[in-house]
Amino acid sequence: MENTRVTLCGVELDNPVIPASGTFGYGYEFAELYDINCLGTFSFKGTTREPRFGNPTPRIADCTGGMINAVGLQNPGVEQVISEELPKLKKVFHKPVMANVSGFSVEDYAYTCERLDQQEQVGWLEVNISCPNVHGGGMSFGTDPAAAASVIRAIKAVTKKPVIAKLSPNVTDITAIAKACEEAGADGISLINTLLGMRIDLKTKRPVIANTMGGFSGPAIFPVALRMVYQTARAVNIPVIGIGGVSTAEDVLEMMLAGATAVEVGAANLVDPFICRDIVRDLPEAMRRYGIGNLCDIIGGVTQWEKT
Amino acid sequence: MKQCFFTITENRPLTETVMEMKLAGDTSAITVPGQFVNIRLEGRFLRRPISVCCAEEGLLTLIYKIVGGGTRQMAEMHPGARLDLLSGLGNGFDLSYAGDAPLLLGGGVGAPPMYWLAKELTAQGVPVRAVLGFNTKSEVFYEEELKKLGAEVTVTTVDGSYGVKGFVTDGLPERYSYFFACGPEPMLKAVWKHTNTSGQLSFEERMGCGFGACMGCSCKTITGYKRICKDGPVLRKEEILWKTPV
């Protein structure tokens, strides 16, 4: 009997499959389709101190092997998330949920995290210091080790729950940022957020995205994400969540061999709303095929080529 | 919403760039005119949202314009091919507001949803008046199909090569009880401005998922932020906030 359980920052998960923030709303669109309690957990829509509409439309572009989004953190704000979204979620999801938080200042991040830390349903705080779609926030904190550390330190000072730093791939050395977050007290690292991308409409000669650029995600980024997960997992001593282009149970195994303790599934949810349920279903069979009994045993277990 | 496979039974051109595709499958999730389906195409990442022209008892009719690679790929498909659809998406039109003399306004590939709407309304014994707008005579389609349902149809063409010269707003009748509109945004704006009754307008936007998860197609309305795919595509005239001044 295959064992899919993993422990993420001290909290046990039935399986490592986690729908990624921004692709799963606050859960209930999917709860109408299947019982979302089959998931390890999910990371809810990026939440900020104040409500946000986000960027002007169009903010979606199709690409080969993926898509670009420039939503820009549309969300109802932390108070409404606490008063409306979490109570609604409680009815359909009975596990700890991962709260995804973004901000425009260190104080913003700390305030929003402190409010969500007080919510019983929240199991982890995933801190988005990597959103490429907002000015003066998000990614600007995640591309500089000192800025990243200051955000994490401020959050750790006001929270008790595990804090996971979600990192941007749009940097020269992701391990430097990861190490800075670890030193600042982060309990985990999740990576990668989207890669900055762009498309142009040949008919109008304008960018497809109103905001010109956006974040590229989807199966095409899987090898880049896997490489960065591998590098980061070897650089830090805290758990790593692998994100980027995951769409099959085999992708989950690959991410875990590279060093991921759990795996987030993003863009694939938007094309196939049942994909996370199916990955959870397919995982034991995939483990059997590759002779894996305990999933947690393969974390970081990639075998190196012998040097010749 | 349902995810299911449909089999193409027919795929034929209506004009040089507009195709009619008929598919057999489980149409049970498509409950009202004005809803749409989201189609997965081989080699394309995001699905392609297409409005429903008609959906009855396992037969789905879609009318689409060839605008890019995805719709070109659809145009090249043959009967017998299977398509993965998310069906029954969007709110659709609320027919209960129609009144005794509803007006249906369709511009270009905004015309197809008006077919099922007209069919439902005429089946209820409501006399339907429709104005269909196109650029030129060679682009006109579905005039006869709507007439066969018993609807009184006016066609407008921008260049005057067929029917009334001008836009759908140049073909408005003197009296109507309510209107339903679908078409490109400039047309919807003109309809919003020139109609003298309440009504419902169906919008188009670039979508990610099509079922309310990604917030890709949000818009601002008087009643708050709405997702075109889930809270729309149909909005009430009174709640619309235009992105640019009318």
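Tutor: Buried means under 20% relative accessible area, exposed over 50% and partly exposed in between, with a 1.4 Å probe and protein chains only. This is a predicted model, in which local features need pLDDT of at least 70 and side-chain atom pairs count only at pLDDT 80 or more, while totals for chains, interfaces and linings use all residues, and side-chain values use heavy atoms, leaving out hydrogens and water. Residues are numbered from 1 along each chain as its sequence is written, with chains lettered from A and ligands numbered from 1 in the order in which they are written.

Student: Is B:Lys230 buried or partly exposed?

Tutor: B:Lys230 forms a salt bridge with A:Glu32, the closest N and O atoms being 3.6 Å apart, where a salt bridge is a side-chain nitrogen of Lys or Arg within 4 Å of a carboxyl oxygen of Asp or Glu. A:Glu32 counts as exposed at 60% relative accessibility. With a relative accessible area of 29%, B:Lys230 is partly exposed.

Student: With which side chain does A:Asp62 meet in a salt bridge?

Tutor: A:Asp62 is buried, having a relative accessible area of 19%. B:Arg48 is likewise buried, at 18%. The N to O distance is 2.9 Å, and the partner of A:Asp62 is B:Arg48.

Student: B:Lys237 is buried yet has no salt bridge, so which is the nearest side chain of opposite charge?

Tutor: Among the residues that B:Lys237 touches, not counting those up to four places away in sequence, are B:Phe179 and B:Trp192, contact meaning heavy atoms within 4.5 Å. Lys and Arg count as positive and Asp and Glu as negative, with His and the chain ends not counted. The nearest side chain of opposite charge, 5.9 Å away, is B:Glu238.
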